[in-house]
Amino acid sequence: MTESSSISRVLRHPAASAESLESIALILGAAFFAVGWAVSLVVFWGRDLPIAGPGSLGEYVGIGGAVTALIAFVLGRVLIARHRHPAVVHDASSGLDAPGARLHWFDVAALAIAHAVIALLGWIGVADVLEQSFVGAVVFPLAGAILAGVAFALTAYVTFLSSVHLTPMLLSLVLAVFLVVGAFAAMLSASDPQWWKENLSALGMSDEASALAFNITLIVAGALVTIIARYATASLPTTTREELRGRAVLRVGLVLIGIFLACVGIFPVDEFFLVHNTVATGMAVIFAAIVVGLRWLVPAMPRVFILLGYAYVGVIVLLGVFFAIGYYNLTAVELVAGVLIFSWIIVFLRNTGTMRPAATSVPASPEAGMRTGPDAAASDPVTVSS
């Protein structure tokens, strides 16, 4: 009786505490296991399944996992929006409550797609590895249905918790994983094994699935960068007008990087040569301008991080020189520069997450400000956050 009442209480107040959110994630995972197992058993019945490849268990789990991730992520955001309890505001989504940094529906859509793509490519990658480990093996219908149900349950559980505990640092982690799996999927599925001799944008030039994967990865990653830009700058101290202006300029610069990144995927180089190269170059120029001007835009930024940015820009310039003299090809320059830029954004997010607006001390009242003598030492000033 106690257990049933506890479960019913969790269902009535799903976001009342961190424990209730964990319970809801387990319940959701169990539901996806039951539904996934039943549907998979019907789909698989009467045939043995290869582990990977067309019509395989891996392909089925990848597609089903992507759908599961989409549903679980949206359910998590809807639950937090409608049933968020004050006791879990800090624990569940503390980093997403900063003023001026609210998630919009298109932000949720981009994050849901990112989780879905990670699930899709992740499960297909696992199946490919298992295929190499169990050469010639097949999966029977009952075992395949159980494995699919477990995969869907795990995907729902992890994605739901990612959704309800979303923080700026988790956003950066999602961006990093999404970029890695998307880029490798495009590289591994490219029909031309010599694509790297041209440039990185060659992955998005054909009409094949690899080009679609590459371009969608850039578009969604650009949307994620714009989300991160808002949250990365929301916690910056703005005690003066200059700091407020610097934060606004920094936010606009980071958002432009995200927009330009998305445009690289929207405008393939073979169809929109001028636009593609303009936005790609503009992204690097804006990054360099942000790094150089960061010490004036955000005076409170740690000097070590500012020096790290200078080193990153120096390496990118050196890569450009190597490309100009023919030592590196363009693909190598683009890959290394991309890794540096996005790692800088992630570390920047980490540094801004530790920064808080400065506190100033003011007297509690005019009388307190005029008080002298022994009583003055006993009266504490009131601390307010700017």
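**Reading the features**

Author: Ring pairs join Phe287, Phe305, Trp344 and Phe348 into a cluster. Keep in mind that this is a predicted model.

Reader: How many aromatic pairs does the structure hold?

Author: The structure holds 10 aromatic pairs. A pair of aromatic rings is described by the distance of the centres and the angle of the planes. Take phenylalanine 267 and phenylalanine 272: their ring centres are 5.2 Å apart and their planes meet at 75 degrees, so this pair is edge-to-face. Planes over 60 degrees apart count as edge-to-face. Phenylalanine 322 and tyrosine 328 also form an edge-to-face pair, with 5.5 Å centre to centre and 80 degrees between the planes.

Reader: Are phenylalanine 267 and phenylalanine 272 buried, partly exposed or exposed?

Author: Phenylalanine 267 is partly exposed, at 26% relative accessible area. Phenylalanine 272 is partly exposed too, at 34%. In the other pair, phenylalanine 322 has a relative accessible area of 24% and is partly exposed. Tyrosine 328 counts as partly exposed at 33%. The reasoning needs one cut-off: buried means under 20%.

Reader: Now the helix. Which residues of α11 are buried?

Author: Start with the general idea. An α-helix has 3.6 residues a turn, so residues three or four places apart point the same way. Now the case here. The buried residues of α11 are Phe305, Ile306, Gly309, Tyr312, Val313 and Leu319. They lie on the same side of α11, because they cover an arc of only 135 degrees around the axis. Phe305, one of them, also belongs to the ring cluster.

Reader: What does the face of α11 turned away from the buried side carry?

Author: That face carries the exposed residues Arg303, Val304 and Val317.

Reader: How far does α11 reach from its first C-alpha to its last?

Author: Helix α11 spans residues 303-324, which is 22 residues, and reaches 32 Å. That is close to the 32 Å expected at 1.5 Å a residue. Just after α11, glycine 326 takes a positive phi of about 85 degrees.

Reader: Which residues line the largest cavity?

Author: The lining consists of Leu236, Pro237, Glu243, Arg247, Leu297, Val298, Pro299 and Ala300. Six of the lining residues are nonpolar, none is polar and two are charged.

Terms used
Residues numbered from 1 in each chain as written. Predicted model: local features only at pLDDT ≥ 70, side-chain atom pairs only at ≥ 80, totals over all residues. Heavy atoms only, no water. 1 Å grid on protein atoms, 1.4 Å probe; cavity = no way out; pocket = protein on both sides within 12 Å on 5 of 7 lines; lining within 4 Å. Nonpolar A, V, L, I, M, F, W, Y, C, P; charged D, E, K, R; others polar. Helix = DSSP H or I, 4+ residues; strand = E, 2+ residues; numbered from the N terminus. Expected span 1.5 Å × (residues − 1). Buried < 20%, exposed > 50% of the residue type's maximum accessible area, 1.4 Å probe, protein only. Arc of directions from axis to C-beta. Phe/Tyr/Trp six-rings, centres within 6.5 Å; stacked < 30°, edge-to-face > 60°.
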